[in-house]
Amino acid sequence: MLNRNAAFIWVAALGFLVHGAIAQIPTPTQISASLPRYLDQIGGMTADQAVRIALENNDELAAERKVVDSAKGLLKQAGLRANPSVEFNRREQIGGPDNNTIIGAGLPLELGGRRSARVRVAEAELALRENQVANRERLLAAEVRMKFGEALAQAFRLKVIDDLLASATAEFLLVQARVTEGKIAPLDEGMAAVELNRLRSIRETESGSTEIVFFELRNLLGFRPEEPLRLKGDFDNLIAQQMPVAEAMRQALQTRPDLLAFRSQETVAEAKIESAKARGRIDAKISADYQRNDFGFPVRGFDPSGDLRPVQDVFHSVRVGVTFEIPVLNANQGAIESAVADAEAAEKRREFAELVIRREVAAAFTRYASTARAVEIFRVGVRDQANANLNVVRQTYEFGASDLIDYLAEQRRFLDILNEFIASQLAVYLANVEIMRAVNSPELKKK
């Protein structure tokens, strides 16, 4: 008698909990209402559009471009000739009438190729800054594409859980109706409610993760957190046709801006060697001046006409000269040795960068090949078969040939498989982006 009462109390409590949960269950329309916030296959943003927007709006990249403007100013400055100098000098005798006025000018000649060497250094440094900015653009484009893929995958995960939640909601209502009709035990209703609430909990977590990754993508695009952002595309269309590995390797070694930056560093170092040598050569400065000297003695003398007059007269003179700087003690030897060492270091860095690029290209293609094979196996041998299995288990449960627990277990397994499939698709897409980054290909030909 006690056991029957306890069972009655347990069933009543279960019914109370189930009915409490029912009041909070969203309808399928409410479940799918959030998806248009993230996905719009008609007017949404594509990956290429996201890259273009980021390259235009990213403040960090804009700051890097200002460095190029600064280098252009330095190049302009390097090409300017040395300024002439003008001198004015006036001397007065204290307590006497004598005075001396000098007006002169000087012009440095910058012999030994000083100015041309200085210009070559500035040109090489400008090329270095431009390649560094181009490399930042390459990295930013790849970062945006990767974050775009992560956001798209997260939106797809949310869509999967929404679809399952809508299906689970409809199934729960069906189970509830069958329990009310007395066709199945109340325990099935409780199990269905638990599974439904588990899916609702998962959806809340996935919804938060989706919001976070979209915030991160907005940040890369230069958008404010509250600005709307909807994506367009699917992983099948985002995967591009790959070029042969040999061609990709050749393109990377010819066009990668980071490697071009290392080569520019070599050019800068070589130009600095020539500039240091030029500063160690002989130099000269031409000068000229005019002097007016009002000079006399406190005595009197006779002029040509025989008249007595003070010995005082004004003398005019012109001086023209050349001043040579002869590098006897200081021929800039230390600066030349330093520049040579910098050039050798730049050469070693460039050689190492070439090895790194070869490794990155080979690794990217290997990763892409393995993930592409894996996703195809998963598509045909796992996802499609799991979907068929779930349909069979659902039908057998509806016909009363299997328990609800078997169907719920198969549904959980199918959810895990769908999430794994999205992860495998994302892995292929990220490997594709890695190839684009390694090869320096902004947009590869679509399949």
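These notebook entries record what I looked up in a predicted model of one protein chain.

**Entry 1. Overall make-up**

I began with the secondary structure and found that the protein chain has 11 helices and four strands. I then looked up burial: of the 447 residues, 40% count as buried. The accessible surface comes to about 25400 Å², and carbon and sulfur atoms make up 57% of that area. Among contacts with a separation of 6 or more, 82% are between residues 24 or more positions apart.

**Entry 2. Confidence**

Before reading any detail, I looked up the confidence of the prediction. The mean pLDDT of the chain is 82, and 86% of the residues reach 70 or more. Where is confidence lowest, and where is it highest? It is lowest in helix α1 (residues 2-22), with a mean of 39, and highest in helix α9 (residues 257-279), with 91. I noted that the pLDDT is below 50 over residues 1-32, although this stretch has 31 contacts in the model beyond near neighbours in sequence. Where pLDDT is low, the predicted coordinates should not be read in detail.

**Entry 3. F365 and its contacts**

I followed A248 to one of its partners, F365, which is found in helix α10 (residues 333-398). Is F365 buried or exposed? Its relative accessible area is 11%, so F365 is buried, the cut-off being under 20%. Apart from neighbours within four places in sequence, F365 is in contact with Q242, M243, V245, A248, I435 and V439. I looked at I435 in particular: F365 and I435 are 70 residues apart along the chain, yet their C-alpha atoms are separated by 6.5 Å.

**Entry 4. Aromatic rings**

I searched for ring pairs and found that the structure holds four aromatic pairs. In one of them, F156 and F235, the ring centres are 5.8 Å apart and the planes stand at 80 degrees, so the pair is edge-to-face. F156 lies in helix α5 (residues 114-180) and F235 in helix α7 (residues 235-238), so the pair ties together parts that are 79 residues apart in sequence. Both partners are buried: F156 has a relative accessibility of 16%, and F235 has one of 3%. Ring pairs also bring in Y429, which forms a cluster with F156 and F235.

**Entry 5. Two buried polar residues**

I looked up N135, which also lies in helix α5. N135 is buried at 15% relative accessible area, and a polar contact of 2.8 Å joins its side chain to that of R138. Not counting residues up to four places away, N135 touches P257 and D258.

I then looked up D289 in strand β3 (residues 283-302). D289 is buried, with a relative accessible area of 8%. What joins the side chains of D289 and R319? I found a polar contact of 2.4 Å between them. Leaving aside neighbours within four places in sequence, D289 is in contact with I102, I103, G104, S317, V318 and R319.

**Entry 6. Backbone angles in two loops**

Last, I checked the phi angles. Most residues other than glycine have a negative phi. I noted E110, whose phi is near 50 degrees, a positive value. E110 lies in the loop between β2 (99-108) and α5. I also noted N332, which has a positive phi of about 65 degrees although it is not a glycine. N332 is found in the loop between β4 (308-325) and α10, and at 18% relative accessibility it counts as buried.

Technical notes:
Residues are numbered from 1 along each chain as its sequence is written. Side-chain values use heavy atoms; hydrogens and water are left out. Buried means under 20% relative accessible area, exposed over 50%, partly exposed in between (1.4 Å probe, protein chains only). Contact means heavy atoms within 4.5 Å. pLDDT is the predictor's confidence in each residue, from 0 to 100. Rings of Phe, Tyr and Trp (its six-membered ring) pair if their centres lie within 6.5 Å; planes under 30 degrees apart count as stacked, over 60 as edge-to-face and the rest as tilted. Accessible areas come from the Shrake-Rupley method with a 1.4 Å probe; for residues, only the protein chains shown count as cover. A polar contact is a pair of N or O atoms within 3.5 Å; within protein, one must be able to donate a hydrogen and the other to accept it, and residues adjacent in sequence count only if both atoms are side-chain atoms.
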